[in-house]
Structure formats: structure tokens, C-alpha cells
Amino acid sequence: MIVGAGPAGSVAGLVLARAGARVRIVDRAAFPRDKLCGDTVNPGTLAGLRALGIAGEIERRGLRVDGMLLTGERGVRVVGPYPEGVSGRAILRRDLDWILLQQAIAAGCQFEPCVAVRRAVVDERAGTTRATGVVVRGRDGRDVAVSAAVIIGADGRHSTLAFGLGLARHPARPRRWAIGAYFANFAPPPPRSDPGSDPGSDPGSDPGSDPGSLCFGEMHVRRWGYIGVAPVPGGFTNVCLVKPSGAADPALADPVELLARTLARDPMLRPRAAAARMIAPPVVLGPLAVDATAAGVDGLLLAGDAAGFVDPMTGDGLRFAVRGGELAAAAALDALAHGWCGVHAALASARAREFGGKWRFNRALRAVVASSRAVGAAAVGARIAPGILRAVIAHAGDCGVAAE
């Protein structure tokens, strides 16, 4: 059984079904459903989906993303095109997740929507903790225990299974919240040759190669946090503000005003948002970070955000979900064939080999963004050596993975 029909759960189900396993995927939501995300599939993630043979519709329906635009304070601006022949896609998570789930169903998975998992069923009689199934609440409101030889918990950042078994926690730091919304008429970035179109810009900033008619994802790093901007199909723009906060933060009580005020105060984004119109109420999520303390217990494997949530500023969450789903499926097949001895250690080792470098990279970037002094120093460095930031952009997009 797979709990959660997001990218990690769908990819895990697809791999398992192709290997001949009987797979049941359950999710609390009916699909397709909306999901707050940066809506960008980076080149490394797209390469992984191509390798699985399931990227075709995503590439057809998504906007081609040719690189990243990174800005800092006082007009610092660096355009980082991806290498020739390498690109990502911008696509609504509502559409991406539904495409991947349909691929899993086509491979043979059984999908049951609107099924809320309440907790794991645990057997401790042999002196060890073993998950033997889950308790679900169906559409009729009744709780029912469902047994399963293997459970993959891919139920997201607030995983009922991982938190319920003490396998995940919200760390004390960082404590960031995300506020995201879709806008109509959000203007594209101005050409660098138009000095009047970028108030407050620094003439000494690196021009790079202007986005022009190309589609670029954007990250606007400020001393208080950052704003991600991504054009999406349909002519709309995803704007997501990420800032240090807490549940008692009064600003979170009015996310519409918070987003409007933040954009109005930013000299680079203010003219672009002047005629913009929010097309739906904002979504607020937090705290974002999740640390997973174990890969699971016997009978249970974790995948996707349930196995640890990554700050979204690098766009790595989807790659970790897709590849993490593959790794969890391989571990599940190992457990079905040979039992649970060594399965979790092998999965943890595989995840460390696959993601260790990016985990360290993400921690370093989060540390920079958390320090206003470090953000200021990075802005100075961008003016002196913009090529370094372009290399960072390429690494953040997993362009090396995409080129393999």
C-alpha cells in the first residue's frame, strides 16, 4: 500500500507495478487537486521522468524553462541560462501530479481517493516495531484497519505515518512559512537595456543574457527571505513568498495584504505587480522544514516530503520526490523478496549517495538566506563575480544530471 498520491507515491507505485507487484494507492484528496508549489520541474527532475518514460505529456503541456533569474538587493541581477540542450518545465502541480498518477494507474496501480489514513497499525509482540497496515477513514466516516505487507508513506510534509510513529519532526530552525498565490497580468522581467524599467537597479550589476522571449524561473533573495516567481501555462504567474515566521505571526492572518505589501515595497517587483490581479486566495503553509529521523520501521518505508522536506528555494523537492519514490520502490521489492533485514540501512545509504551533495548545498543556501549579513555579502560577490552565481544556478537545476 502507498499512502499519498503525489509525485513520490505515484512514481513508487509505477515502478512497483511495472515489476509485477500489486499496488494500492490511497490519498485523502480527490484528484486532480490544487497544491502550493513553485510549479517548476528542474532539468534534473525532467531527465529522471524521461528515463521512466513518463515525461512526454509534461513536456507538451508545460512551459519550457531555459534558466533562472536571480536578484538581490540594490539592483543585483544575474541571469543564468541552462546549458545548451538542457531545460526544465513550468507546470501546475495540479496537472503534474494528475499526469503522474494516471501513469501509475495505467501501469496497474489501484487508486482510491478521499481515503484519510489515521495511523499505522503496529505489531510490537516480537520486541520490535513492525507496521502491518493502516487505519483509514473512508467516505462513510468509518475507521477500518487495512493490512499490507509493505507500506510506503508518501503522505507529505505533515505525514500522519511519519509523525505518528515519531519518525519526523519540525526542527527548531529554520522556521519559515510560505505564502503563495497565482496572479494574472504579472509583468515579465524587463530587458536589462531599459534602465528606467528597473527602479533602484544598479548599473554595475551583471547583465548576463537577458531573458527576452525565453522563459526563466526567478528567485528574488532579500535580507528578510525570498520571493519565487514562475510563469505557468495559461498566462498566469505563480508568486510565492517565503519568510521566517511563526503560527502567532499577525501578518499571516491576512496573506492577501502581506503579499500585496511585500510586492509594493520591492523596487524590482513593484512595477511588475502594479497591474497584477490575484486570481484566487493565497495558500499559507508552515513551518516548512521537516527532519526525518529514520527511513521507516519494518513494514514501512518513507518517501517524498514524508522522508524530509527541503526548503523550496532550490527547486529540489520534486527531484527528491521522483528519485526518492524510485528508491523506496526498490527497497520495497527487496523487502518483499528477502525480508526486512538491512532494508532501511540500504535505503538510507542510497538516499545519502543520491542526495547528499544537494542536501549540503541546500543547507548552505538556507544559511545564507537566514543571515542578512550573508545576503549582503552575496550581493557584493554577485557584482564582482556573477559567473559564480550562474554556476550555482546550474547546480541548483541539476543540469549535470540532465546532461548525463
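**Strand pairing and helix packing in a predicted model**

Modeller: In strand E7, glycine 88 is the bridge partner of valine 65.

Colleague: What makes E4 and E7 a pair of strands?

Modeller: Two strands pair if at least two bridges are found between them. E4 and strand E7, residues 88-90, are joined by 3 bridges and therefore count as paired. The two strands run antiparallel.

Colleague: In which sheet do these strands lie, and in what order?

Modeller: They belong to an open sheet of 3 strands with the order E3-E7-E4 and antiparallel pairing. Strands E3 (40-41) and E4 (63-65) are its edge strands, since each pairs on one side only.

Colleague: How do you know that E9 and E10 are paired?

Modeller: The requirement is at least two bridges. Between E9 and strand E10, residues 130-137, there are 7 bridges, so the two strands pair; they run antiparallel. Within E10, valine 136 is the bridge partner of valine 117.

Colleague: What is the arrangement of the sheet that contains E9 and E10?

Modeller: This open sheet has 3 strands in the order E9-E10-E11, paired antiparallel. Its edge strands are E9 (116-123) and E11 (143-147), each of which pairs on one side only. From one strand to the next, the twist averages 30°.

Colleague: Why are helices H1 and H4 called roughly parallel?

Modeller: Helix H1 (residues 7-18) packs against helix H4 (residues 93-106) at an angle of about 15°, and their axes are 8 Å apart. Angles under 35 degrees count as roughly parallel, so H1 is roughly parallel to H4. H1 passes H4 in a left-handed crossing.

Colleague: Which residues bring the two helices into contact?

Modeller: From H1, Pro7, Ser10 and Leu14 meet Arg93, Asp97, Leu100, Leu101, Gln103 and Ala104 of H4. By class, this contact has 5 nonpolar, 2 polar and 2 charged residues.

Colleague: Why is leucine 16 called buried?

Modeller: Leucine 16, which lies in helix H1, has a relative accessibility of 7%. Buried means under 20%, and leucine 16 therefore counts as buried.

Colleague: Which residues does leucine 16 touch, beyond those up to four places away in sequence?

Modeller: Leucine 16 touches Ile2, Ala21, Val23, Ile152, Ala329, Ala332 and Leu333. Alanine 329 is 313 residues from leucine 16 along the chain, yet their C-alpha atoms are separated by 5.8 Å.

Notes
Residues are numbered from 1 along each chain as its sequence is written. This is a predicted model: local features need pLDDT of at least 70, side-chain atom pairs count only at pLDDT 80 or more; totals for chains, interfaces and linings use all residues. Side-chain values use heavy atoms; hydrogens and water are left out. Helices (H or I, at least four residues) and strands (E, at least two) are DSSP runs, numbered from the N terminus. Axes are lines fitted to C-alpha atoms, for helices over the stretch in contact, and angles run from 0 to 180 degrees between N-to-C directions. Angles under 35 degrees count as roughly parallel, over 145 as roughly antiparallel, 65 to 115 as roughly perpendicular and the rest as oblique. A crossing is left-handed if the near helix is turned anticlockwise from the far one by less than a right angle, and right-handed if clockwise. Contact means heavy atoms within 4.5 Å. Ala, Val, Leu, Ile, Met, Phe, Trp, Tyr, Cys and Pro count as nonpolar, Asp, Glu, Lys and Arg as charged, and the others, Gly among them, as polar. Buried means under 20% relative accessible area, exposed over 50%, partly exposed in between (1.4 Å probe, protein chains only).
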